[in-house]
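Let's take a walk through this structure together. Have a look at it first, and then we'll start with a pair of packed helices.

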Amino acid sequence: MGNLLRMDLYRMTKAKSFIVCLAVSFLLALSSTPLEKLLYMIGNTIAPGEAGEFPATADLAGMIRSPLSSLMIMLALLSVVSFFYADMENGYIKNIAGQMPKKGFSILSRFLAAIPHNLVFMLACIAGNIIGTLLFKRITADGPILESIGIFLLKFLLLQSICAILLLFAASLRNKSLGIVFAVLLGLPVMGLIYLGINSGLEQLIGKDFSIIPYMPDQVLREEKPEWIRALLVSAVTTGIFLPLAIRIFDIKDVK
């Protein structure tokens, strides 16, 4: 298992999709404050005084607790889908699976390899945001740094739980296209519209107001300050459902 995990980590870091998506995410974070400054300048040029003054400071705590925009989440998920499917796409999964006591170990290894993958994405985006902000603002540490680090870890767990969903589609069901579709839907704020439709159906079925939105990992991930217990339960339940299911399906299917 250890050798398999090391192989997956090496394969992931050498993948072009990982390098490109990480670089684009870093550049997006880096350009966030410069673009904000540009919009203020354009606004004051068009309507002097209407745009207000450009903020002179930025809170470090806010950067830590909100490391990823929707576009960055999508790029991270697209990268992880490409990684999950790569060994089947390149045709050597059959040789690897045949050397393991259980084929499902390869699924577990990929899920564990996604841990440093997601952590690198989140830290790179924080670093890009800090560097871009320092060009135009003074960063202060007046906010609750420890609380923000805790929220960062909660969002990391939520992102990892979403990877369990993508692992089922891309690796166990061996459908890269479906994995990409869900990566885009979960990464961008699109699933909220689908959840609203589900809510309407549930309300008609059970006869009272009910919303699944507060319990969906992609929606909780976008909250600025998610509730600790709810976020932990959502990430644990999502991972607990989709990871064993992905392992089980891969175990019973023939490797091609």
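Helix H1 passes helix H6 in a right-handed crossing, meaning the near helix is turned clockwise from the far one by less than a right angle. Keep in mind that this is a predicted model, where local features need pLDDT of at least 70 and side-chain atom pairs count only at pLDDT 80 or more, while totals for chains, interfaces and linings use all residues. Residues are numbered from 1 along each chain as its sequence is written, and side-chain values use heavy atoms, leaving out hydrogens and water.

On the H1 side, the contact (heavy atoms within 4.5 Å) is made by Leu4, Leu5, Asp8, Leu9, Arg11 and Met12. Their partners on H6 include Phe105, Arg110 and His117. Sorted by class, this contact has 8 nonpolar, 3 polar and 3 charged residues.

How far apart are the axes of H1 (residues 2-14) and H6 (residues 105-134)? They lie 9 Å apart, at an angle of about 50°. H1 and H6 are therefore oblique to each other, the word for whatever is left once angles under 35 degrees count as roughly parallel, over 145 as roughly antiparallel and 65 to 115 as roughly perpendicular.

H6 also packs with helix H11 (residues 228-252), at about 140° and with the axes 8 Å apart. Here Ser106, Ile107, Leu108, Arg110 and Phe111 of H6 meet Thr239, Leu243, Ala246, Ile247 and Phe250 of H11.

Last stop: serine 161, in helix H7 (residues 145-172). Serine 161 counts as buried because its relative accessibility is 0%, and buried means under 20% relative accessible area with a 1.4 Å probe, protein chains only. Beyond its neighbours within four places in sequence, serine 161 touches Pro217, Ser235, Thr238 and Thr239.

Technical notes:
Helix = DSSP H or I, 4+ residues; strand = E, 2+ residues; numbered from the N terminus. Buried < 20%, exposed > 50% of the residue type's maximum accessible area, 1.4 Å probe, protein only. Axes fitted to C-alpha atoms, helices over the stretch in contact; angles between N-to-C directions. Nonpolar A, V, L, I, M, F, W, Y, C, P; charged D, E, K, R; others polar.
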